[in-house]
Amino acid sequence: MHRLSKRSFTAILGSSGGRLRVAAAAPTSRSSPSSSTAVERGDTEFRWYSSLTYGKCKTIGSVSELNLKTNLILGRRNESTAAAQDSSSQAPPPAEKFEYQAEVSRLMDLIVNSLYSNKEVFLRELISNASDALDKLRYLSVMQPELLKDSVDLDIRIHTDKDNGIVTITDSGIGMTRQELVDCLGTIAQSGTAKFLKALKDSKDAGGDNNLIGQFGVGFYSAFLVADRVSVSTKSPKSDKQYVWEGEANASTFTVREETDPQYLIPRGTRITLHLKRDEKGYAHPERVQKLVNNYSQFVSFPIYTWQEKGHTKEVEVDEDPAEAAKDEQGDKSEKKKTKTVVERYWDWELTNETQPIWLRSPKEVTTEEYNEFYRKTFNEYLDPLASSHFTTEGEVEFRSILYVPAVSPMGKDDLVNPKTKNIRLYVKRVFISDDFDGELFPRYLSFVKGVVDSNDLPLNVSREILQESRIVRIMKKRLVRKAFDMILGISLSENKEDYEKFWENYGKNLKLGCIEDRENHKRIAPLLRFFSSQSEDEMISLDEYVENMKTEQKAIYYIASDSVTSARNTPFLEKLLEKDLEVLYLVDPIDEVAIQSLKSYKEKDFVDISKEDLDLGDKNEEKEAAMKKEFGQTCEWIKKRLGEKVASVQISNRLSSSPCVLVSGKFGWSANMERLMKAQTVGDTSSLEFMRGRRVFEINPDHPIINNLNAAHKNNPNDEDAMRAIDLLYDAALVSSGFTPENPAELGGKIYEMMGMALSGKWSSPEFQQQRMTQPHDAEPVEAEVVEPVEAGGQK
């Protein structure tokens, strides 16, 4: 930072003008960057010069206005408060208000090309507008019956001309006057339906229910998704004239004219004519229009007719060949003339939306046959569902729904992660919106549930294609999931057990996945689970049945995870529990172990893996344990020294009765079954296997002869090679019987062969065995057994 002396400062002032003289100097020669000096010009006017502005100045009235402070510090900026005092004395200028401006052509381009992701929704939007027009007429005609003086049926008709690429949608609704036509179609994002609802609300005459669909005022412009020119001809019962609105895509203007051609006059309503683009003329095919109506607008409350080609059969005479006619004349002349059956084609109106939305009816009025028929038609199924649930939710969130559980899984039993099942069809006021909202309304483990959800106030975006995240959606999801569980619970409690067996066969893995992913609904999922057990190997049981069969002193739910029921039945971990008649669940599905670990407990009973250390069977005898530890404690240390790092410790087991030893997993590590599954993963991380495998504990059975022999070997000859080999082989055998995979199977096989050779050495090749074999005749004939009849002794046989 530069320092200016008084002499330099005076020189600077002198260079700016010789007529100015110094009136007040700075109190010190060390001026801060913001320190300044006042110079006098005339008697009363002063200018304020900054040492860093080089000639720039501000006129002030007096020196007192400078508000100078003494003891200025170098490098600190002290600003004047003169500006603040001036601003406080004068009022700020008033703010100007502007309106947003929009480039109409650009706005139209955004609406047409960016708002909708699927072009076929144009028909849904236009039919919804037509339905609103009919609803308005029906509502207003209650107070103004003269609106229905033309006695035209309230319906919607769609005519197609595939040769010229024209689609015409006609409704007999309220229509529009000339001013309404300009206001509604000429003002983008102004919804006539929204204005109508607002007027009803203001008049406090709207009632509790309405079927009007429109909200945003942009649905009409979806016509330009497929059309390059659109004309709207409309006739309101409030007006004697009919007007035509015409607009083109990518244009910022439109025209309105009076319709004078008698050929195009309509008694009441609106007719929209779409001149399709060259690439979109496929929408003018009658079959495609009918398919779109069935998909999106099947449940609109007014009849929708489409122009379809039909046919009927009739008999026509056939012109005979002259040669055959001559033969017929020579024969039987009384024979009738030949005819053939032909199909005569014609065009006529066909009702497209015949299926009624049964979810709007009371559940008491709908029969099971009607539910099943609706399910088959809506979801193209050929089998009846296992169960259905029809309910209405009122209060904070209002919606109606029908849910179904399919008889079979269409995706296959192993497909659990398909995010796009399209099983939930979302409707807003009976108009189909989308079937891509599975994740928002149901968790993926319940993706097999099919159904329809109809609500009047869902938080949709403008294109009606995205269900926005909100509290309403979360409440809806919670209630739908709860109803789905009630429906599944009803199947499990049914008298026909085959229904739930069929359900479990198809969707059991889904519920197990729910144990892992949905912690909030554990209490609803757990009663629905089914497992094999040591006391029910042929028929699955529920956790409720297990708890009912528990012993009085039993404090936990025991389970063993394996790859099959046979493997689980023969595991050495079960020996002591079977002796005590304690039931053990068999988890034979790969997902079972993770699901049970996620549950942790059921009805205040913890789940305990019997293949892990610290198993408590409730029969501890401290005196016996102390005696065993004294007898076999040093033997355990001797075995641990031989096995080294293969095991964490060697302990006396309380779970074995017939096996000499077993290898148990650490309390917080993987079980043998989980380790096997993780090794088999296609994209598994092998680096984590060693870490997650955890500690292994080698447990021995002190009552087994092999362990007693090893105990004697330790006391008499602890360095005996045969004893060392026996320990190694014992460990390898325990590794296999406990469900682990040996790291070197070939070495294990070699040890077994070696032990077999020692056991069988010379057994069949000794001289005594050879001499005995030589003395036996080889060519002797077999002696037939004599059948002896029983004789009576004391009157009994």
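The entries below follow that order.

I am working from a predicted model, in which local features need pLDDT of at least 70 and side-chain atom pairs count only at pLDDT 80 or more, while totals for chains, interfaces and linings use all residues. Residues are numbered from 1 along each chain as its sequence is written, and side-chain values use heavy atoms, with hydrogens and water left out.

Entry, sheet. I looked up the strand order of an open sheet of 8 strands and found S9-S8-S7-S10-S6-S5-S11-S12, with mixed pairing (strands are DSSP runs of E, at least two residues, and helices runs of H or I, at least four, numbered from the N terminus; two strands pair if DSSP finds at least two bridges between them). At the edges are S9 (254–258) and S12 (339–351), each pairing on one side only, and the twist averages 20 degrees from one strand to the next (axes are lines fitted to C-alpha atoms, for helices over the stretch in contact, and angles run from 0 to 180 degrees between N-to-C directions).

Entry, one pair. S5 (residues 156–161) runs antiparallel to S6 (residues 166–171) over 6 bridges, and I noted Arg 157 opposite Thr 170 in S6.

Entry, helices. H4 (residues 121–143) packs on the sheet and touches S5, S6, S10 (269–276) and S11 (304–317), its direction making about 145 degrees with that of S5 (contact means heavy atoms within 4.5 Å). H7 (residues 286–296) lies across S5, S11 and S12, at about 130 degrees to S11.

Entry, Leu 760. I found Leu 760 in helix H23 (residues 745–760), where its relative accessible area is 37%, and therefore I list Leu 760 as partly exposed (between 20% and 50%, with a 1.4 Å probe and protein chains only).
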